[in-house]
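Let's take a friendly walk through a protein model, looking at its rings, its cores and its strands. Please keep the sequence and the 3D view open as you read.

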Amino acid sequence: MRCSHTVEGPVLDILSQDPVWNAYAIADLRPDLARHCRWLVAPDASGLALLYFGLVPPVLLTTGSIEGVAAALTGADLPDELFLSILPSHLPAVEQHYHQVVPREMVRMALPPGRPVPSAAPPARRLDRADAGRLIDLYRLGGDYAPDAFDPGQLNDGYYFGIDDEDGTLAAAGGTHVSLRTESQKLTNGNAVSLDQVISRGVAAIGNIYTRPERRGRGYGKAVISSITRALQDDGFSLIVLNVDKQNLVAKSIYEKLGFDVHCHFIEGLARKVQQSSLAN
C-alpha cells in the first residue's frame, strides 16, 4: 500500500478506467477539495481507496479490482468510522477492517455526453448563498430519501436551483454535490481516454434533490433536475452523474425520462470498527 496526500500517476491511471464510477473522486482533484484527500494505492496499481476528510465521518471511495482494493487498505491508518461509497464487489475488502457495516443499495446514473435534456415546468430559479438558510430549513423536513450531505459551500459552484412556494418558502430544490472544470495539461496519462480528456470538459455530480412532502406530484423535482442539468450542459460539462436509492423508483423514473442511464449499482452507508475491548466481551 502506498499512501499519498498528492495525486500521482497511478492514481490518475486507475481513475481513468471508469470515469463515471470515479466521478466523485475525479471532482475531488479540485484544489479546495484535494487538501482533504488521502490516496491509498495498491503496490501494483490495481486498486485504489480514497479517504476524503472534508466531511464527518470521512468518506471512503474505492475503485479497481477487489484484490487491489484489499491491498490498498492493508496497513493503512483508517479512521474508526467511515461513510462508504463502494462497489458491492469491494465489500469483503472493507469488512476486513470494519465489522459494523450498515449498507444501503444505490444506483449510479449518468447522462451521455451531448444527449439533450427536455425543459420542465414550472420554471426553477438559480439559488445563491443568500438561500442557504432556506435550503437548510427545507432539508430539515426529512422523510424518506431526504438529503443528508448538504453543505452551504456547495452553493458556490452556482448550480443550485429551486422553486418558491406561494409564501416565499422553498417548495423544491437541488444542485451539485461537487463540480470540476479544468484545462490542466498536467492530468494526463497514456490511456486511450485520458483523465484530462474527461475532466477538461467538466465533471459534475448532481444531488440534494428534495421536494416538500405536501408539494410532491407537481413536477417540481423534475423541473429542478432539468434546470441543473441544462445549466451544466450550457457550461460545457460532459460528465454528469447522480446517485439514487435503489428503492426510490419514482426518482429513478424521473431521471430516466430526463435522459440519464444506469451505470452501476453500489453501496453507501456507515461503517464502524469494533474495538478490541468490545470483541473481548
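The charged end of which residue sits over the ring of Phe 266? It is Arg 108, whose charged end lies 5.2 Å from the ring centre. A charge counts as sitting over a ring if NZ of Lys or CZ of Arg is within 6 Å of the ring centre and within 35 degrees of the ring normal. Arg 216 is placed over the face of Tyr 210, also with a distance of 5.2 Å to the ring centre.

Before going on, note that this is a predicted model, in which local features need pLDDT of at least 70 and side-chain atom pairs count only at pLDDT 80 or more, while totals for chains, interfaces and linings use all residues. Residues are numbered from 1 along each chain as its sequence is written, and side-chain values use heavy atoms, with hydrogens and water left out.

The predictor's confidence in each residue is called pLDDT and runs from 0 to 100. The chain has a mean pLDDT of 88, and 88% of its residues reach 70 or more. Over residues 184-193 pLDDT stays under 50, and over residues 277-281 it is below 50. Where pLDDT is low, the predicted coordinates should not be read in detail.

**Aromatic pairs**

The whole structure holds 6 aromatic pairs. Rings of Phe, Tyr and Trp (its six-membered ring) pair if their centres lie within 6.5 Å; planes under 30 degrees apart are stacked, over 60 edge-to-face, and the rest tilted. Here are two of the pairs.

| Pair | Centre distance | Plane angle | Type |
|---|---|---|---|
| Tyr 139 and Phe 150 | 5.3 Å | 65 degrees | edge-to-face |
| Tyr 255 and Phe 260 | 6.4 Å | 65 degrees | edge-to-face |

Tyr 139 belongs to helix α6 (residues 132-139), while Phe 150 is 11 residues away in the loop between α6 and β8 (161-164). Helices (H or I, at least four residues) and strands (E, at least two) are DSSP runs, numbered from the N terminus. With 8% relative accessibility, Tyr 139 is buried; that word means under 20% relative accessible area, with exposed over 50% and partly exposed in between (1.4 Å probe, protein chains only). Ring pairs also gather Tyr 139, Phe 150, Tyr 160 and Tyr 210 into a cluster.

**Nonpolar cores**

A nonpolar core is a set of buried Ala, Val, Leu, Ile, Met, Phe, Trp, Tyr and Cys residues joined through side-chain atoms within 4.5 Å. The largest one has 28 residues, and Ile 206, Leu 232, Tyr 255 and Phe 260 have the most contacts inside it. Helix α8 (220-234) is among the elements that give two or more residues to this core, and α8 gives the most, with 7 residues. A second, separate core of 27 residues includes Leu 12, Ile 26, Leu 48 and Val 178.

**A covered strand**

How many of the residues in strand β3 (residues 47-52) are buried? The count is 6 of 6. Gly 47, Ala 49 and Leu 51 are buried on one side, and Leu 48, Leu 50 and Tyr 52 on the other.

Strands pair if DSSP finds at least two bridges between them. Strand β2 (residues 37-41) runs antiparallel to β3 over 5 bridges, with Leu 40 opposite Ala 49. Strand β4 (residues 59-64) is joined to β3 by 6 bridges, also antiparallel, and Leu 50 stands opposite Leu 61. The β2 and β3 hairpin has 5 residues between its strands, and the β3 and β4 hairpin has 6.

Key
Contact = heavy atoms within 4.5 Å.
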